[in-house]
Amino acid sequence: MDFDKLTDEEILNIANPLMDNLMEGSSERNHQKHTRDFTDRLKAIVTEENLLKQWKENKIGEFSKREFLSIIHKSDSIFVVWKQWLTNSHEEFLAEICIVEQAGKLLVDHVWIR
């Protein structure tokens with residue numbers, strides 16, 4: 001896929017369902033759902049054991065609303081950035097997702113919340 005040719009609306013139509021799913025999977029404590037759309041590289045990092053540890057250490061709650069901020073266009077990937085809120089915190093966070101194409105599928109190759 002030539003990511004350079006996609007409009008912001010087309011990119012958000014790709015990114016939002018991917019981000020929604022992984023956040024729902026996290027809130028549900030469902031590793032399989034959380035990592036469903038991850039590349040093999042990212043799945044190797046976000047193991048069930050790793051994710052369980054993160055969930056146990058979580059003191060800021062579940063993901064709540066997010067607000068779109070920006071898209072970084074690359075020829076081989078796209079990065080989408082949102083302002084993110086969590087249920088047990090008054091602070092604002094940044095949420096980022098990197099989407100790549102592998103074997104004809106659009107997959108998450110990087111994601112973080114800071």
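Biologist: What does R41 form a salt bridge with, and how far apart are the closest N and O atoms?
Modeller: R41 forms a salt bridge with D109, and the closest N and O atoms are 3.0 Å apart. A salt bridge here is a side-chain nitrogen of Lys or Arg within 4 Å of a carboxyl oxygen of Asp or Glu.

Biologist: Which parts does that pair tie together?
Modeller: R41 lies in helix α3 (residues 40-45) and D109 in strand β4, so the pair ties together parts 68 residues apart in sequence. Helices (H or I, at least four residues) and strands (E, at least two) are DSSP runs, numbered from the N terminus.

Biologist: What should I know about the model and the numbering?
Modeller: This is a predicted model: local features need pLDDT of at least 70, side-chain atom pairs count only at pLDDT 80 or more, and totals for chains, interfaces and linings use all residues. Residues are numbered from 1 along each chain as its sequence is written, and side-chain values use heavy atoms, with hydrogens and water left out.

Biologist: Back to the pair. Is R41 buried, exposed or partly exposed? And D109?
Modeller: R41 is partly exposed, at 41% relative accessibility. D109 is buried, at 16%. Buried means under 20% relative accessible area, exposed over 50%, and partly exposed in between (1.4 Å probe, protein chains only).

Biologist: How many salt bridges does the structure hold?
Modeller: Seven. One of them joins the side chains of E24 and K33, at 3.2 Å from N to O. E24 is partly exposed, with 39% relative accessibility. K33 is partly exposed too, at 22%.

Biologist: Which residues are linked with E24 in a network?
Modeller: E28 and K33; the three are linked by salt bridges. Elsewhere, E92 and K83 meet through their side chains at 3.8 Å, N to O. K83 is partly exposed, at 23% relative accessible area.

Biologist: New topic: α1. How many residues does it have, and how far does it reach?
Modeller: Helix α1 covers residues 8-27, which is 20 residues. It reaches 27 Å from its first C-alpha to its last, close to the 28 Å expected at 1.5 Å a residue. The expected span is 1.5 Å times one less than the number of residues.

Biologist: What follows α1?
Modeller: R29, whose phi is positive, near 60 degrees.

Biologist: Which residues of α1 are buried?
Modeller: They include I11, L12, L18, M19, L22 and M23. N21 is buried, at 7% relative accessible area.

Biologist: What does N21 touch?
Modeller: K33, R36 and D37, leaving out residues up to four places away in sequence. Contact means heavy atoms within 4.5 Å.

Biologist: What covers the buried residues of α1?
Modeller: The cover includes α2 (31-34), α4 (48-57), β1 (63-73), β2 (78-86), β3 (93-102) and β4 (105-113). The helix lies across β1, β2, β3 and β4, and runs at about 140 degrees to β1. Axes are lines fitted to C-alpha atoms, for helices over the stretch in contact, and angles run from 0 to 180 degrees between N-to-C directions.

Biologist: In what order do the strands form the sheet?
Modeller: The order is β1-β2-β3-β4, in an open sheet with antiparallel pairing. Two strands pair if DSSP finds at least two bridges between them. β1 and β4 stand at the edges with a single partner strand each, so one side of each has no neighbour in the sheet. Neighbouring strands are turned by 25 degrees against each other on average, direction ignored.

Biologist: How many bridges join β3 to β4?
Modeller: Eight, and the two strands run antiparallel. V100 has L107 in β4 as its bridge partner.

Biologist: And the largest nonpolar core: how many residues?
Modeller: It has 23. M19, L22, V80, W82, I97, I99 and V108 have the most contacts inside it. The largest share, eight residues, comes from α1. A nonpolar core is a set of buried Ala, Val, Leu, Ile, Met, Phe, Trp, Tyr and Cys residues joined through side-chain atoms within 4.5 Å.

Biologist: What is I97 in contact with?
Modeller: Leaving aside neighbours within four places in sequence, its contacts include A15, L18, M19, L22, V80, W82 and V108.

Biologist: Last one, W85. Where is it found? Buried or exposed?
Modeller: W85 is in strand β2. It counts as buried, at 14% relative accessibility. Among the residues W85 touches are E62, F63, E91 and E92. W85 and E62 are 23 residues apart in sequence and 8.6 Å apart in space, C-alpha to C-alpha.
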